[in-house]
Each structure stands twice: as C-alpha cells, then as structure tokens.
Amino acid sequence: MSQPINNRSITETYENKDVVLDVKGLRVYYETPKGDVLAVDGIDFKLYEGETLGLVGESGCGKSTAAMGILQLITPPGRIVSGEVWLDSSNLLAMSEEELRQRRWTKLALIPQGAMNSLNPTMRISAQIRDVIETHEGRKRGDDIKERILELFKMVGLPGRIYDMYPHELSGGMKQRVCIAMAIALDPMVIIADESTSALDVVVQRVVAQTMLRVKEALGVSMIMIGHDMGLMAQMVNRIAVMYAGHIVEIAGVEELFYKPGHPYSQLLIESVPSLTERKPLKITEGITHDPRNPPPGCIFQLRCPFVMDECRSVEPPIVEIRPHQQVACHLYKEQEDGSVIDVRDIATNP
Amino acid sequence: MSETLLQIRNATKVYKQGKNDVVALQDFNLTIAKEPASIVTIAGESGSGKSTIANLVLGFIELTSGEILFEGRDVSQGTANEMREYRRNVQAVFQDPFGVYNPYYRVQHVFDLVVKNFKMANNKNQSREMIEEALNVVGLYGEDVLRKYPHQLSGGQRQRIMMARAYMVKPKLIVADEPVSMVDASLRASILDVMMRLKEESNISFLYITHDLSTAYQIGDKIMLLYQGTVSETGVATDVIDTPKHPYVQLLVDSVPKPDPNIRWEGEIILPPEEEMRTTAKAGCRFYPRCPQRMDHCKNNLPPLYTVGDRGHEASCYLYDEEVMAKA
Ligand SMILES: Nc1ncnc2c1ncn2[C@@H]1O[C@H](COP(=O)(O)OP(=O)(O)O)[C@@H](O)[C@H]1O
Ligand code: SF4
Ligand SMILES: [Mg+2]
C-alpha cells in the first residue's frame with residue numbers, strides 16, 4: 001500500500017506563497033422577470049500557489065456561478081456585473097474571447113458540476129481527451145497522443161483498456177476520473193472542481209478524492225474545490241471560504257474553521273455536520289431566507305442569525321481578521337485601535 | 001393478534017433484462033414489531049436494492065418470490081377493503097419534495113387531496129382543524145404555509161410538509177426514501193427531529209432508506225446494510241457503525257470522511273477494475289471481488305448471517321463461521 005497522501009501538516013500555510021488567482025469584487029447576476037437574482041454579489045479571495053481552497057455553502061448560494069464567473073463562462077440570462085479575476089498577471093474579465101480560449105484548460109481548468117454526465121456519449125474516451133489536447137496544441141501523431149493519454153490515465157488511476165470505450169461503459173467513479181484527466185491534460189496552474197465527488201457512493205468518493213489529492217501533489221497545481229460536504233472538506237483542503245447567499249462570510253484555515261468557526265453561519269455549518277461517533281441532540285434551526293432578488297440592507301445572514309443586532313440591519317459588516325488565517329464578515333467582531341479584535345458578546349456578558 | 005407490524009419474508013426481486021436478469025434483491029428478511037415503534041434503516045450504495053425494498057412495501061412493484069405481511073396478513077392477498085386500509089396505514093415520503101408537489105397548486109391543495117382521498121372530514125371546519133394539527137406536529141403553522149406555492153418554501157419546510165401530510169392519515173408505518181438527501185445539512189435536523197417525534201409521540205414506525213450512515217447513526221434503531229441485493233450486516237445502528245464486522249461495512253464506515261482536519265483517511269484504497277465495471281458476482285459472496293480478506297470458500301458459497309455481537313448484531317461473512325475458518 002502506498003504512503004498516505006493526506007498526512008501533511010495541516011497548519012502549513014500557503015499565505016506566504018505567490019498568489020496565482022486573485023478574485024476581486026466579482027458580481028454575477030441573473031435576469032428574471034421580477035428583477036435580478038444577485039447570485040454572486042461581490043466576492044474577494046486569493047488562491048495561493050499549491051494550495052487547495054474549499055468553497056462551501058448550501059445549494060443555491062452561488063458556488064457554481066462563482067466558478068463560471070471566474071472562467072467567464074456566464075451565459076444569458078446571467079451576466080458579469082463587475083469584478084476582476086487576475087491570473088498570471090492579466091485580468092481575465094478584460095480579455096477577448098480568443099485570449100480567454102487560449103487560457104482555459106492551459107492555465108485554468110474547470111471540472112463543471114455533473115461533468116461526468118456530460119461526456120459525449122457517442123465519442124470514445126480517448127477521442128474526447130485527444131480533442132482537448134489538439135484543440136490547443138494542434139494535430140499530433142497518433143502514437144504520441146496515445147502515449148500521452150495513457151500517461152494521463154495512469155496519473156488518475158484508470159486502466160489502459162478503457163482507451164477505446166464509450167462513457168456508458170464506465171462506472172461513475174471512472175467517468176469522474178476521465179474528467180480529472182481532461183482537466184490536467186494541458187498542465188494548468190489552477191483547477192476548479194465543482195462538486196466532483198458529490199454524486200458518488202462513499203467508497204468511490206474516497207477513491208476519487210484521493211486521486212485528486214495525489215494528482216494535485218504530483219503536478220503542484222492550485223485547486224478550488226467546490227462542495228457542501230464538510231467532512232470531505234476537512235479531508236481535502238488547506239483553507240475554506242464559506243459562502244452564504246452570494247457573499248463570502250468567512251475565509252479561514254481548515255483547522256481554524258473546524259475548531260473555532262468565527263461567523264455565526266460557519267458555526268451553524270460546523271454544528272450541523274452529522275457525527276458518526278457520538279449520538280447527540282439534533283440542532284434545529286429555521287431556514288428563513290430572503291428573496292435573492294431583494295437582499296435586506298446590512299448583513300446578508302441577519303434573518304437566520306441567532307446574534308442579530310440593530311447594526312446588522314443597516315450596515316454591511318466589514319471583513320475583520322479575527323486571528324491569523326481567519327477573516328470574518330460579522331459585526332460581532334470589532335477591530336480595536338491597537339489592532340486587537342474583540343467579540344462584542346464578551347463585553348455584553350462581562351461588563 | 002399478531003405482534004408484528006411488517007414482516008418481509010424471503011423477498012426476491014428479479015428485473016428481467018433479456019439474458020442478463022438483474023437480481024435487485026435476494027432472500028431479504030425483515031420484521032418490524034408493532035410496539036414499540038421504531039426507525040429501521042436500510043442503507044447501502046446506489047443500486048444495492050434499497051429503493052427496491054421501498055417500492056415493494058409500497059406496492060409499486062411485485063415480488064418475484066417471497067411475501068410481505070402487514071399485521072400478519074399477506075398484502076398481496078388482501079380484499080379491496082384490506083388493500084385500502086393498507087394504503088392508509090403505510091404512507092410514503094420521498095427524496096425530492098419538488099417532484100411530489102405540483103408547482104401550480106398551493107400547499108393547501110396537497111392536504112385537501114388527502115382529506116378527500118381518505119374521506120377524512122365531514123365538513124370544512126373539521127378538515128381545517130386536522131390540517132392545522134398535522135402542521136403543528138412538524139413545527140409549522142397553516143397561516144404561514146398553506147397559501148404558499150412549493151417554490152416559496154425551503155427544502156426543509158417542503159419535506160416537513162410531506163411528513164405532516166403522511167402523519168395526517170394516522171399511518172402505522174412511513175416509508176421514507178432518502179428524505180433528507182436533497183436538503184442542506186443545516187436544515188436536515190428539523191426533518192430528522194420530526195421523524196423521532198412521530199415515532200415517540202405518535203407510535204409511527206419508519207422504514208428509513210438512506211445512503212448516509214450518519215443520519216442513521218443519529219436517529220435509527222435497527223439498521224440493515226445492503227450490498228448488491230443482499231444484507232451484509234444488521235443490528236442496532238450504533239452497534240453496527242461503532243464496531244462493523246463485515247469487511248464491506250468496515251470499508252464503508254472507514255470511508256465516510258471525518259469532519260475533523262486532524263483525523264485523515266488512512267491509506268489509499270484501490271478498487272479492483274471488475275468491481276468498477278459493476279460485474280456483479282453471480283455466485284458466492286457478493287463482496288468477493290473487492291474483499292481484502294476473501295477466502296476460497298467465499299467464491300462459490302453465499303454466506304448466511306452469523307451472530308457477531310449483542311442485540312441482534314449479525315454479519316453475512318465466512319470470517320465468522322468457525323468451521324470454515326478452521327479449514328482455512
Ligand atoms: N426498472 C428497472 N429495470 C431494470 N433494472 C432495475 C430497475 N430498477 C432497478 N433496477 C436495478 O436493480 C438494482 C437495485 O436498484 P434500486 O432498488 O433502485 O437500488 P437503490 O435504491 O439502492 O439505488 C440495480 O442494479 C438497478 O440497476
Ligand atoms: S453581522 Fe450581525 S446578523 Fe450578521 S452574522 Fe454577524 S451578528 Fe449575525
Ligand atoms: Mg435509490
């Protein structure tokens with residue numbers, strides 16, 4: 001059995017490494033007859049070289065829209081309202097379609113949600129990967145391309161005999177690995193994987209997740225892993241960005257987020273992770289959410305927040321670094337003049 | 001008077017597919033006692049036969065062989081009257097509440113239909129009271145939800161409404177097929193809580209179908225783990241998950257990602273290609289192609305359930321057969 005691949009130190013930080021992707025103020029709206037749905041409403045984050053960043057949140061909070069926005073793949077009724085996406089010292093959102101086309105796959109690859117079900121059913125697996133390579137690099141000799149594709153198969157743990165097979169002949173786990181092979185075919189700097197293991201059974205999910213980790217280490221790529229399974233995030237990522245209704249409400253190291261979640265929504269997410277070791281009372285919360293076309297002024301989480309204060313209903317909370325590697329957008333945390341941060345609940349209870 | 005609520009005996013379901021018949025369920029046995037009410041979990045990966053059991057109990061499909069008894073009576077032999085009673089006593093809640101609700105009708109309509117189908121009320125007032133009571137049981141109020149359309153409610157609320165609808169008929173058993181798998185984690189607890197309360201306060205039993213072990217661990221009484229149409233392990237849910245005995249269940253429990261960044265998966269597992277291609281074992285233990293502890297004996301013999309612990313903890317694996325182990 002090979003070395004465990006996920007035993008690296010998790011406190012390891014990437015924040016002193018180079019920034020490979022820098023997303024600034026990204027807004028993506030969808031037009032509807034009753035007004036725009038503010039699917040992604042001003043998100044900022046950096047992705048550092050070699051790290052895996054998790055992007056988590058409940059269904060509909062804007063994760064996939066953010067991914068599509070970063071790659072400029074938004075189509076009507078969606079539109080990018082504002083923002084910048086810096087990759088390799090150029091802003092993707094200011095590029096022509098041709099310039100973008102050259103960078104997709106080669107610099108920035110996306111494994112879209114449900115990718116394994118959108119493989120072309122009438123094309124052999126090898127032909128689909130060949131297509132990706134030749135579209136960017138021009139036609140290749142048959143032997144060379146075959147060698148390269150088999151090498152890719154090896155990296156993601158696929159047997160060579162599926163070379164001539166069609167998608168329907170493969171299991172879900174194998175199709176998902178074909179998608180990973182395509183994503184790494186042109187040696188990108190960044191891979192965005194959208195719910196890539198979500199539809200799989202738990203054992204297969206583990207195999208695919210471990211394949212992704214191994215490929216990531218081997219190629220040294222940076223990765224954004226989109227998902228909603230907190231257990232999987234704990235296993236796979238270095239930092240986590242928590243999204244709620246189009247906003248990132250917290251970005252923290254995986255340990256900080258799991259052991260000391262700062263934002264009330266992150267706390268709720270961590271508390272509702274079902275346990276397999278301890279039978280505990282169910283934590284019940286109400287799910288009142290606002291109309292995504294008409295968010296309330298102030299904090300985006302105010303309708304569900306157990307700590308909501310007057311200020312939250314009018315002022316949007318700024319991002320505060322509550323401790324190293326942990327930034328939270330919530331009025332509970334106040335930065336003092338000396339740079340220290342206090343939790344207003346501590347003042348309320350110990351005057 | 002029989003003591004059992006539901007009894008499934010040697011149930012086998014084969015789907016005819018030309019030459020390659022699919023055995024979706026083989027010789028399955030299950031008993032749910034009348035008292036006390038309990039939550040029996042059927043867990044397994046997709047294609048393991050979970051939904052087949054739900055569909056058999058609900059009468060959507062027919063058994064190839066075996067029988068299903070409800071309160072001691074064979075449900076396939078019932079008179080028209082008995083069938084009507086059965087359909088009232090056994091209610092269903094499914095995965096996607098969107099699929100069940102017609103988007104053009106308000107929530108009120110869902111309840112009006114039930115009242116009408118089961119002739120439950122003599123007048124409007126009585127009907128209104130019944131609906132309100134059922135909604136209160138799941139923590140909702142008529143004035144908040146009855147005038148709404150399905151899309152105006154959260155997934156958690158829709159699923160609780162389905163529970164209220166099932167409860168209103170005062171059934172003895174609710175078949176819940178993946179009721180929380182489409183609901184976000186932070187809203188799941190409210191649905192699981194309703195199931196617990198219906199069990200404890202209204203004496204309603206559940207056949208809870210899921211692929212997720214953790215919810216079974218939190219609310220389930222007995223659990224049955226299916227692998228390719230056969231039961232690999234059964235027992236009290238916490239016993240089975242705390243100390244799994246079958247190699248498949250051990251692998252399964254071990255693969256659930258721990259929500260703790262300091263407890264990582266240990267080692268990598270390799271799936272044999274045969275399994276990935278879903279070549280189902282035709283004879284012998286269904287887990288043989290993947291089993292890290294397989295023996296020659298397992299190849300051609302299907303293991304029965306062996307007692308492996310207290311409180312009905314059983315596993316179908318030859319590792320627990322003394323004779324086989326002595327020879328091996
Ligand atoms: N209508 C059908 N025709 C043919 N095969 C079926 C049909 N329904 C289910 N099966 C097969 O039966 C097996 C069990 O399926 P199912 O009961 O749906 O399992 P689960 O609910 O665990 O997904 C699978 O191999 C599946 O492919
Ligand atoms: S800003 Fe206010 S409403 Fe928002 S999460 Fe913090 S305490 Fe809650
Ligand atoms: Mg199913």
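**Notebook: sheets, helices and a chain contact**

I began in chain B, where I found B:Gln91 standing opposite B:Ile174 in strand β7(B). I took helices (H or I, at least four residues) and strands (E, at least two) as DSSP runs, numbered from the N terminus.

Before going on, I noted that this is a predicted model: local features need pLDDT of at least 70, side-chain atom pairs count only at pLDDT 80 or more, and totals for chains, interfaces and linings use all residues. Residues are numbered from 1 along each chain as its sequence is written, chains are lettered from A and ligands numbered from 1 in the order in which they are written, and side-chain values use heavy atoms, with hydrogens and water left out.

**The sheet in chain B**

Two strands pair if DSSP finds at least two bridges between them. Both belong to an open sheet of eight strands with mixed pairing, in the order β6-β7-β8-β3-β9-β10-β12-β11. I saw that β6 (90-93) and β11 (306-307) of chain B are at the edges with a single partner strand each, so one side of each has no neighbour in the sheet.

**Helices in chain B**

I then followed helix α7(B), which lies across β6, β7 and β8 (205-210) of chain B and runs at about 170° to β6(B). My angles run from 0 to 180 degrees between N-to-C directions, with axes fitted to C-alpha atoms, for helices over the stretch in contact. Contact means heavy atoms within 4.5 Å.

Helix α5 (residues 124-137) of chain B packs with α7 (residues 155-168) of chain B at about 130°, their axes 8 Å apart. That makes α5(B) oblique to α7(B); angles under 35 degrees count as roughly parallel, over 145 as roughly antiparallel, 65 to 115 as roughly perpendicular and the rest as oblique. Among the residues that meet here are B:Met130 and B:Ile131 in α5(B), and B:Ile161 and B:Tyr167 in α7(B).

**Where the chains meet**

How much area do chain B and chain A bury between them? I noted about 4,600 Å², 56% of it on carbon and sulfur atoms. Buried area is the accessible area (1.4 Å probe) that two parts lose on being put together, summed over both. B:Arg264, B:Trp265 and B:Glu268 supply 19% of the area chain B buries against chain A, more than any other three residues. The contact takes 48 residues from chain B and 53 from chain A.
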